[in-house]
Amino acid sequence: MSALAKRLGLLRSQAGTVLPSVAPARPMAPALPPRAQWPRADAQRSPEVVAEQLRKLMKLRTPAMAPRPAAPVDRVLPGEEIAPGLRYLEQVAAWPHDDAELALHEIRHDTAQRGDLLAFDTETTGLAGGTGTRAFMIGAADFVDGRLRIRQLCITTLGAERQMLKVFASWLRPETVLVSYNGRCYDRPLLTTRYRLARMRDPLIDLRHVDLLHPVRRRYRGIWANCRLATVERELLGVLREDDLPGSEAPAAWLAYLRGGSADKLRRVGLHNAQDLRSLFGVLEAMRDR
């Protein structure tokens, strides 16, 4: 304290007017801002959502989910493997009839013994024909002990084609009468080409051949919208296919299986082929002499 202040204090005490000393007030500190708080997760946001929002704010990458184990691919085909890459399926169905021969003069063919008839149909890698197209499935139907027998050959490797051709040739006899639908222009020439490329004798070239497309066209052209086999089945036999795989999808189904894909569509190709064979005999019965 300075000397002047001491003297003033002494004079005030002598005069009896001493004032209580007042300590100088400290300056008031400015009010603190409210403490920042993180938003709390409420019932509308799960902890996972909050965590994802925090990752976005902090620009963190979302952790990759562990891949689920893939389901096993369906590779099951009917029938049995009779040679490496060659499968064989045989089915027998009732076919009521009471005659051993069929008069075919109305479709411009000679009478044929029922036991000599063999309907055949191929499923191929394309519809253009030529040496680049091959048959991956050959189906044949004939009559055995009064019942309809359907046999199918399918290759699951390219190397099995020669064995398939060999087995199909063993089903043919000199007296066999082939039955087909457009087989004279497509199926038989295609198989003839494959036999030649395999350096094998062509067993089809000398056989009688009843191609039903031509008599159907002569009789029903202009009456039906077209003469495709599906149309003939519907109009002549009353057959309407359900869940049928179109023939145009058969090449893709076979190639997908060869590349390790599912057998589902290839099985449907087999069902399509078997129905074609049944329909061939149904059309033949409807078109023959009565």
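Tutor: In this predicted model, α5 and α8 pack at an angle of about 50°, and their axes are 11 Å apart. Axes are lines fitted to C-alpha atoms, for helices over the stretch in contact, and angles run from 0 to 180 degrees between N-to-C directions. Residues are numbered from 1 along each chain as its sequence is written, and side-chain values use heavy atoms, without hydrogens and water. Local features need pLDDT of at least 70 and side-chain atom pairs count only at pLDDT 80 or more, whereas totals for chains, interfaces and linings use all residues.

Student: Why is α5 called oblique to α8?

Tutor: Angles under 35 degrees count as roughly parallel, over 145 as roughly antiparallel, 65 to 115 as roughly perpendicular and the rest as oblique. The angle between α5 and α8 is about 50°, and therefore α5 is oblique to α8. Their crossing is left-handed, a term used if the near helix is turned anticlockwise from the far one by less than a right angle, with clockwise giving right-handed.

Student: Which residues make the contact of α5 with α8?

Tutor: Pro215, Val216, Arg219 and Tyr220 of α5 meet Val283, Ala286 and Met287 of α8, where contact means heavy atoms within 4.5 Å. By class, this contact has six nonpolar, no polar and one charged residues. Ala, Val, Leu, Ile, Met, Phe, Trp, Tyr, Cys and Pro count as nonpolar, Asp, Glu, Lys and Arg as charged, and the others, Gly among them, as polar.

Student: What makes α7 and α8 oblique to each other?

Tutor: Helix α7 (residues 250-258) and helix α8 (residues 264-287) pack at about 135°, with axes 8 Å apart. The two helices are therefore oblique to each other. Their crossing is left-handed. Ala250, Ala253, Trp254 and Tyr257 of α7 touch Lys265, Leu266 and Val269 of α8. This contact of α7 with α8 holds six nonpolar, no polar and one charged residues.

Student: What makes α3 oblique to α4?

Tutor: Helix α3 (residues 161-170) packs against α4 at an angle of about 120°, the axes being 10 Å apart. That angle is why α3 is oblique to α4. The crossing of α3 past α4 is left-handed. Glu161, Leu165, Phe168 and Ala169 of α3 form the contact with Leu191, Arg194 and Tyr195 of α4. These contact residues divide into five nonpolar, no polar and two charged.

Student: Which residues lie nearest the centre of the largest pocket, and how many residues line this pocket?

Tutor: The lining has 31 residues, of which Arg228, Leu229, Gly247, His272 and Asp276 lie nearest the centre. The volume of the largest pocket is about 830 Å³. Its lining divides into 14 nonpolar, seven polar and 10 charged residues. The largest share of this lining, five residues, comes from β5.

Student: Which element gives the most to the lining of the second largest pocket?

Tutor: Helix α8 gives the most, with five residues. The second largest pocket holds about 210 Å³ of space. It is lined by 15 residues, and Pro78, Leu89, Met137, Gln152 and Gly270 are the closest to its centre. Elements giving two or more residues to this lining are β2 (86-94), β7 (147-155) and α8. By class, the lining has 10 nonpolar, three polar and two charged residues.

Conventions: Helix = DSSP H or I, 4+ residues; strand = E, 2+ residues; numbered from the N terminus. 1 Å grid on protein atoms, 1.4 Å probe; cavity = no way out; pocket = protein on both sides within 12 Å on 5 of 7 lines; lining within 4 Å. Points joined across faces, edges and corners; volume = space filled by probe spheres on them.
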